[in-house]
Amino acid sequence: MSQKDPCQKQACEIQKCLQANNYVESKCAAVLQEMRKCCARYPKGRSICCSGFEREEREREKLKTTSEGIPPPPQ
């Protein structure tokens with residue numbers, strides 16, 4: 001039996017908020033931040049709901065290192 005995704009509740013809250021606000025992300029900043037906090041609490045890959053947020057974090061790190069003149073790590 002598979003375990004329930006630990007961040008599923010936050011993912012559902014994001015969907016509800018986006019639907020209620022005509023998909024204007026800025027109106028759902030608080031629930032998006034809660035999702036990021038949830039994803040940060042669990043190891044990578046633990047929550048399928050966090051996959052997009054993990055990818056976002058990798059991209060942010062990549063931009064940060066390139067803007068600082070540090071070459072990105074090999075992939």
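Which residues are exposed on the other side of α2? They are A30, A40 and R41, where exposed means over 50% relative accessible area, buried under 20%, and partly exposed in between (1.4 Å probe, protein chains only).

This is a predicted model, in which local features need pLDDT of at least 70, side-chain atom pairs count only at pLDDT 80 or more, and totals for chains, interfaces and linings use all residues. Residues are numbered from 1 along each chain as its sequence is written, and side-chain values use heavy atoms, with hydrogens and water left out.

Now for the buried residues of α2: L32, M35, C38 and C39. They sit on the same side of the helix because their arc around the axis is only 115°, taken from the directions from the helix axis to the C-beta atoms. These buried residues pack against α1 (8-20) and α3. Helices here are DSSP runs (H or I, at least four residues), numbered from the N terminus.

Next, α2 against α3. Their axes are 10 Å apart and cross at about 85°, so α2 is roughly perpendicular to α3 (65 to 115 degrees; under 35 is roughly parallel, over 145 roughly antiparallel, the rest oblique). Axes are lines fitted to C-alpha atoms over the stretch in contact, with angles from 0 to 180 degrees between N-to-C directions. Contact means heavy atoms within 4.5 Å.

| Helix | Residues in the α2–α3 contact |
|---|---|
| α2 | L32, M35, R36, C39 |
| α3 | F53, E56, R60 |

Finally, K44 lies in the loop between α2 (29-41) and α3 (51-67). K44 is exposed, at 62% relative accessible area.

Conventions
Helix = DSSP H or I, 4+ residues; strand = E, 2+ residues; numbered from the N terminus.
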